[in-house]
Amino acid sequence: QVQLVESGGGSVQAGGSLRLSCVASGVNLYSRFCMGWFRQAPGKEREGVASIFTDSLAIYYADSVKGRFTISRHNGENSIYLHLNSLKLEDAATYYCAAQRRWSADCRTWLQAPSDSDYWGQGTQVTVST
């Protein structure tokens with residue numbers, strides 16, 4: 001059974017930085033899959049933040065975070081990370097790690113339209129203050 005566990009959330013001042021981690025178990029490193037980060041703020045729809053494909057060959061970002069956030073994978077581990085830089089008040093949300101097995105590197109479309117049947121973590125909360 002695939003499990004995703006996020007960590008690293010917390011309270012940060014606007015303009016600051018934060019690093020989120022997602023540790024995946026039960027995921028084959030050598031299988032084709034997309035992993036990514038999504039977020040949901042109170043009263044708002046879920047938003048795809050960033051996705052990454054096997055071997056980090058394909059990376060996509062939402063326009064709202066492009067140039068500020070960085071998604072990455074470390075060699076030899078089933079983990080992804082999200083570096084949140086230059087944080088804004090509107091970045092405050094619960095951030096979820098997710099994964100979906102894929103046979104092609106179309107993580108961009110998945111990021112825009114994930115499924116509840118995908119693998120999801122429990123989320124980690126990020127708050128931003130002035």
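Colleague: By class, what does the lining of the largest pocket have?

Modeller: Bear in mind that this is a predicted model. The lining of the largest pocket has four nonpolar, two polar and three charged residues.

Colleague: Which residues line the largest pocket?

Modeller: Gly48, Tyr60, Tyr61, Ala62, Asp63, Lys66, Arg108, Leu111 and Gln112.

Colleague: And which element gives the largest share of that lining?

Modeller: That's α1, with three residues. Both β6 (59–61) and α1 (107–112) supply at least two residues each.

Colleague: How much space lies in there?

Modeller: About 170 Å³ in the largest pocket.

Colleague: OK, on to the sheets. Which strands form the open one, and in what order?

Modeller: Four strands, in the order β1-β3-β8-β7, with antiparallel pairing. At the edges you have β1 (3–7) and β7 (69–73); each has a single partner strand, so one side of each is left without a neighbour in the sheet. On average, neighbouring strands of this sheet are turned by 15 degrees against each other, ignoring direction.

Colleague: Remind me, what do strands of a sheet pair through?

Modeller: Backbone hydrogen bonds, in either a parallel or an antiparallel arrangement.

Colleague: How many bridges join β7 to β8?

Modeller: Five, and the two strands run antiparallel.

Colleague: What does Ser72 touch?

Modeller: Leaving out residues up to four places away in sequence, Ser72 touches Ile52, Ser79, Ile80, Tyr81 and His83.

Colleague: Where is Ser79 placed?

Modeller: In strand β8, which covers residues 79–84. Ser79 is buried because its relative accessibility is 5%, and buried means under 20%. With residues up to four places away in sequence not counted, Ser79 touches Cys22, Val23, Ser72, Arg73 and His74.

Colleague: What about Leu18, where does that lie?

Modeller: Leu18 lies in strand β3, residues 18–25. Its relative accessible area is 17%, so Leu18 is buried.

Colleague: Which residues is Leu18 in contact with?

Modeller: Setting aside neighbours within four places in sequence, Leu18 is in contact with Gly8, Gly9, Gly10, Val12, Leu82, His83, Leu84, Leu87 and Val126.

Colleague: How far apart are Leu18 and Lys66 in space?

Modeller: They are 15 Å apart, C-alpha to C-alpha, and 48 residues apart in sequence. Lys66 is one of the residues lining the largest pocket, by the way.

Colleague: Switching to β4. How many of its residues are buried?

Modeller: Seven of the eight residues in β4 are buried, so that strand is mostly covered.

Colleague: And how does β4 pair with β9?

Modeller: In the antiparallel sense, over eight bridges, with β4 spanning residues 33–40. Gly36 stands opposite Ala98 in β9, and Met35 stands opposite Ala99 in β9.

Colleague: What stands opposite Met35 in β5?

Modeller: Ile52 does. Strand β5 (residues 47–53) pairs with β4 in the antiparallel sense over six bridges.

Colleague: Which residue takes a positive phi in the hairpin of β4 and β5?

Modeller: Gly43, with phi near 80 degrees; that hairpin has six residues between the strands.

Colleague: Last one: how many residues of β9 are buried?

Modeller: Seven of nine, so β9 (residues 93–101) is mostly covered.

Colleague: In what sense does β9 pair with β10 and β11?

Modeller: Antiparallel with strand β11 (residues 124–129), over three bridges, and antiparallel with strand β10 (residues 119–120), over two bridges. Tyr95 stands opposite Thr124 in β11, while Ala98 stands opposite Trp120 in β10. Ala98 also stands opposite Gly36.

Note on methods. Residues are numbered from 1 along each chain as its sequence is written. This is a predicted model: local features need pLDDT of at least 70, side-chain atom pairs count only at pLDDT 80 or more; totals for chains, interfaces and linings use all residues. Side-chain values use heavy atoms; hydrogens and water are left out. Buried means under 20% relative accessible area, exposed over 50%, partly exposed in between (1.4 Å probe, protein chains only). Two strands pair if DSSP finds at least two bridges between them. Contact means heavy atoms within 4.5 Å. On a 1 Å grid over the protein atoms alone, a cavity is a set of points where a 1.4 Å probe fits but cannot get out, and a pocket is an open set with protein on both sides within 12 Å along at least five of seven lines; lining residues have an atom within 4 Å of a point. Grid points are joined across faces, edges and corners, and a volume is the space filled by probe spheres set on the points. Ala, Val, Leu, Ile, Met, Phe, Trp, Tyr, Cys and Pro count as nonpolar, Asp, Glu, Lys and Arg as charged, and the others, Gly among them, as polar. Axes are lines fitted to C-alpha atoms, for helices over the stretch in contact, and angles run from 0 to 180 degrees between N-to-C directions.
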